[in-house]
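Hi there,

Here is the model I promised to pass on, with my notes below it. Please have a look at it before reading on.

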Amino acid sequence: MEHIRTPKVENVRLIDRLTPRKSVVGTLYLSSTHTIFVENSDARRETWVLHSLVGSIERPPTTPSGSPLVIRCKNFQVYQLLLPQEKDCVDIQASLIRLSRPDRYGELFCFSFQPNVDKEEREKAWGFLDLHAEFSRMGIPSNLWHITPANHEYRVCDTYPSELFVPKSASPAVIVGSAKFRSRGRLPVLSYFHRDTSAAVCRSSQPLSGFSARSLEDEQMLQAIMKSNPASEYMYVVDTRPKLNAMANRAAGKGYENEDHYTNIKLHFIGIENIHVMRNSQQKITDVGDMRSPSMGDFLWGLENSGWLKHIKAVLDAGVFIVKAVAEEGVSVLVHCSDGWDRTAQACSVASVLLDPFYRTIRGLMVLIEKDWVSFGHKFSHRYSHLEGDPKEVSPVIDQFLECVWQLMEQFPCAFEFNERFLLQLHTHIHSCQYGNFIGNSQKERRDLRINERTHSVWPHLWENRAEYINPLYRADHSQSKGILRPVTTPYCFKMCSIWMRPRLEARNYI
Amino acid sequence: MEFSEHIKTANVEDVVLKLPFQPPMRGTLCVTGHHLLFSDRAEEREWQLLLLLRNIDAVEKSVENLLGYPQHPKAGQSQRTTGSSGTIIIKCKDLRILQLDIPGMEECLNIASSIEALSSLESITEMYPFFHRPRELSLNDPWGLSSPEQDYVQTERLWDRWRLSKVNSDFSVCPSYPGAMIVPRTVDDDALVKAARFRQGGRFPVLCYCHHRNSMVIMRCSQPMTGANRKRCREDELLLQAVIDESELGYVIDTRSAQQAQQARMTGGGFESKSFYRPWRRIHRHMERGKVLQESLIKLVEACGDPSHNMDRWLSKLENSKWLSHVHSALSTAGLVAECVERDGHSVLVHGSDGTDTTLLVTSLAQVILDPASRTFRGFLQLLEREWVQAGHPFQQRCARSAHSHARLRQECPSFVLLLDCMWQIWRQFPLALEFSEALLLRLAQEAYASDYGTFLCNNEQERCTLGVKENTHCLFQFLLRCSEREKYINPLYEPTELAIWPSVQPQSLQLWTGLFLRWTEHAETMAEAREEIWTIIKEHRERTGAEETTHTPPTHRDTFTAVENLMDELTIL
């Protein structure tokens with residue numbers, strides 16, 4: 001509360017960016033969690049903006065008609081306000097900047113958000129998704145794969161979940177040794193098991209190979225993964241980075257697997273760019289969406305120049321490659337990038353969506369995000385700037401995954417149980433910090449924050465409202481819904497737009 | 001002339017046909033006067049391809065003479081003693097590309113030259129519509145859907161201020177206009193004749209639409225021939241004066257830029273000057289036409305034909321083709337016209353230079369935006385008949401060649417394809433508002449270039465009369481309205497609305513018409529499945545609601561209700 005200098009401003013104009021004559025006058029309130037605009041009209045319509053969704057607050061120069069304030073949200077909504085007094089405007093901006101960027105977790109909305117749910121229900125809600133059950137749904141043969149206790153209390157890797165599936169043949173020494181040879185201890189573990197071919201999708205971070213280092217345990221680990229798929233004689237290591245980046249990492253004592261040391265592996269580079277490139281790309285595509293009545297040429301040029309669709313295609317291509325290996329060649333794949341929590345999560349989850357119809361359902365997509373992103377330590381709080389922090393850590397990694405799914409939905413209108421609204425809603429929740437699911441950067445952090453006791457889970461909430469998210473064209477027995485999805489990633493098959501432009505899709509403007 | 005002159009080889013056995021995304025087929029190829037026939041009898045199912053030669057835009061041939069060389073090691077399956085063979089690649093006006101591998105060099109060359117000759121016959125009466133005689137149709141069936149006379153008689157709100165003029169009944173006043181037109185009541189035929197002399201090609205201002213809500217009108221014409229020394233024509237001025245009341249204001253939407261309009265004066269054309277046409281305000285909206293538009297289509301089709309482009313290259317090729325910019329300007333100009341009429345309550349006159357391309361594009365799209373009647377199946381076909389066929393869009397010249405042709409461009413221009421693309425954009429944005437579906441637009445895009453029917457033959461009504469098109473060919477529109485055909489083109493989601501439908505012209509709202517430009521790629525299949533699924537849901541819904549009305553037990557049927565509601569939601573936010 002101490003950050004709110006002016007809790008209420010009257011005679012504020014909320015400007016409709018498209019049709020200025022539709023603008024309305026009302027009162028602006030600042031609460032500890034929301035900015036609230038109440039129209040003066042009889043309807044007294046209210047607009048609520050969650051502080052944690054606010055991305056930036058701009059204050060363009062004061063005009064004779066008042067002081068403008070532009071609130072840009074992380075879900076790409078933009079609110080333009082006109083305040084009568086410059087002083088109020090300065091105050092509101094300062095308060096909002098502070099309120100939208102708390103510097104400790106305790107200030108986040110999820111810790112004060114109290115829906116009408118009792119303790120028992122809350123506990124049940126946190127058990128809504130069961131990853132244990134998910135791994136058994138995959139039909140993992142217990143003679144080949146098992147849960148290792150190695151990461152109990154996060155001893156081996158503090159960014160991984162405590163339960164890890166590894167080849168049964170890998171001894172504890174191999175597991176620990178392999179973890180030591182991997183960046184941040186993120187050793188190769190199972191992400192998805194494809195029952196039809198017994199091939200597995202595994203994930204890890206880059207090896208600490210440098211120019212010449214090797215680790216027998218890590219080599220044995222990969223060998224064990226390959227052997228867990230009895231029919232195959234080799235396996236793929238998919239490095240999702242551009243080869244040049246991977247090579248540059250060797251100078252820092254990291255890098256990629258040396259094919260001479262690992263027997264029977266095939267190394268494949270995909271070329272997904274790093275988080276900094278992606279951040280710039282999203283900025284550019286947001287700017288394209290911001291253009292006031294651009295010409296078709298400006299728009300297409302902006303789209304090309306942003307590189308956004310090129311990056312989306314790269315992520316999809318990574319998924320397609322993994323699917324080919326796993327489903328067609330019947331060969332296991334180890335996916336990694338640098339740390340194995342961004343591009344690796346993207347590639348593994350896209351591949352899972354393509355491989356398994358379950359992940360194309362509402363519950364399935366939730367499980368997938370819980371598994372590949374939440375539990376495997378995707379750094380939600382860093383990437384989506386939940387707290388004041390290093391802007392270089394921010395990047396639209398999961399946005400790109402969701403956009404891949406959206407592009408697939410456009411290509412296969414009958415294949416997905418959910419609709420576009422579901423993706424947008426997920427995106428909002430990832431940024432809004434209203435629920436505890438996406439707080440922090442790893443399972444360990446969430447445990448230390450006692451997220452389960454102090455916040456609520458979003459999954460049951462989404463599930464209860466699933467009627468809103470149903471794709472009417474989905475039928476579980478449709479040919480598109482069954483089996484493997486084989487998308488065409490020829491550029492012309494991409495929608496020339498981004499799902500993130502949709503919230504602002506504007507009305508006509510003929511003049 | 002006999003077609004057989006052009007056919008040196010009528011039949012070839014053992015030809016391999018390769019269609020995109022299908023396994024090659026082996027069969028017999030046959031050339032007739034109007035068709036290419038391929039039949040595959042090798043398998044149990046008999047499969048045939050009947051291709052109208054007129055549909056062929058370009059033929060590329062290559063032959064290989066292996067005579068005198070040792071037997072090719074890989075020529076395992078078909079060992080012909082001659083050892084020569086050839087390949088013909090056929091590029092169609094409907095954008096399909098097929099390949100024929102023909103054994104025998106001579107046969108191949110013969111077939112190719114037959115196709116080249118027969119696909120580009122110039123004489124209209126030798127074209128297939130004059131020979132198409134299906135059993136279920138009779139030449140005595142009605143031709144066309146309506147006439148200016150019928151339109152006038154049926155539109156009561158016109159009678160007060162408008163009349164039907166038959167001054168052009170012998171096409172002497174304006175060769176590209178139909179015999180009858182609707183003009184202001186106070187203007188007599190003599191004045192029309194004089195006004196026609198002042199307009200390019202005699203296309204004086206005529207009525208094309210009267211808005212049901214406020215009786216404001218859309219008229220169209222060609223440019224006035226003011227020339228360098230600002231000639232004027234009293235009758236033309238009075239004609240336009242007669243359209244609007246003294247106190248009112250009208251808008252002239254000129255589909256050229258102000259600069260182009262100025263330049264047109266050097267060649268005898270021009271525009272309505274403020275001082276002589278007082279109540280009319282002129283707005284210039286530049287729209288591309290002619291060669292520029294044709295080249296745009298060629299570039300776009302070329303870009304769509306190469307799947308090896310990377311994303312950057314594809315987007316830059318797409319931008320470079322400018323096709324979507326043309327879609328954008330057509331829709332926004334039409335939106336402007338509709339806005340003048342519906343929002344501001346003014347009458348509008350539309351013209352460019354000839355008044356046969358961009359003008360018709362704008363007037364017909366504006367009508368779709370404004371008029372619920374033109375969004376029905378029949379109404380849309382009537383609109384096309386009135387605003388394109390009867391209004392003298394020169395189909396014969398414009399659709400002689402399409403995007404693949406290597407021939408030198410003459411008068412080709414895809415104005416009509418652009419209209420259909422704009423219609424598709426409207427359909428995408430308002431999936432419930434049109435009674436017909438994308439399938440109709442695709443069919444029309446094909447028929448305009450190569451058809452069994454006479455509807456799109458010739459450049460205007462005069463030519464159609466001279467050649468007896470209506471007596472000797474069948475009418476496409478009548479055919480499409482037959483029950484069996486109609487069913488294929490109906491939009492299952494159609495829910496008529498009386499309101500104007502305002503399309504968004506934001507670049508991100510406009511998309512590439514994949515249904516047309518990627519029609520022959522793997523992309524098309526999943527979309528077809530989606531359409532089928534929509535049909536299934538709608539049918540189930542109808543059956544259940546039908547059952548419900550009799551049994552009065554709604555709760556169990558809630559599922560389909562939500563499904564259909566969701567469907568509506570889903571499609572409106574597309």
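Is strand 10 of chain B largely enclosed by the rest of the structure or exposed, and why? Strand 10 of chain B is largely enclosed, because five of its five residues are buried. Here buried means under 20% relative accessible area, exposed means over 50%, and partly exposed lies in between (1.4 Å probe, protein chains only).

Some housekeeping before the rest. This is a predicted model, in which local features need pLDDT of at least 70 and side-chain atom pairs count only at pLDDT 80 or more, while totals for chains, interfaces and linings use all residues. Residues are numbered from 1 along each chain as its sequence is written, chains are lettered from A and ligands numbered from 1 in the order in which they are written, and side-chain values use heavy atoms, leaving out hydrogens and water.

Now to the sheet. Helices (H or I, at least four residues) and strands (E, at least two) are DSSP runs numbered from the N terminus, and two strands pair if DSSP finds at least two bridges between them. In chain B, five strands make an open sheet with mixed pairing, in the order 10-11-14-12-13. Its edges are strand 10 (206-210) and strand 13 (280-284) of chain B, each of which pairs on one side only.

Cys110(A) is buried, at 0% relative accessible area. The sulfur of Cys348(A) lies 8.6 Å from its closest counterpart, in Cys202(A), again too far for a bond; Cys348(A) is buried as well, at 1%.

Lastly, an unreviewed UniProt entry lists residues 142-517 of chain B as "domain: Myotubularin phosphatase". UniProt positions follow the numbering used here, feature names are shortened, and annotations may be inferred rather than shown by experiment. Over that stretch, chain B is 42% helix and 9% strand, and the end C-alpha atoms are 34 Å apart.

Best wishes

How values were computed: Disulfide = S-S within 2.5 Å.
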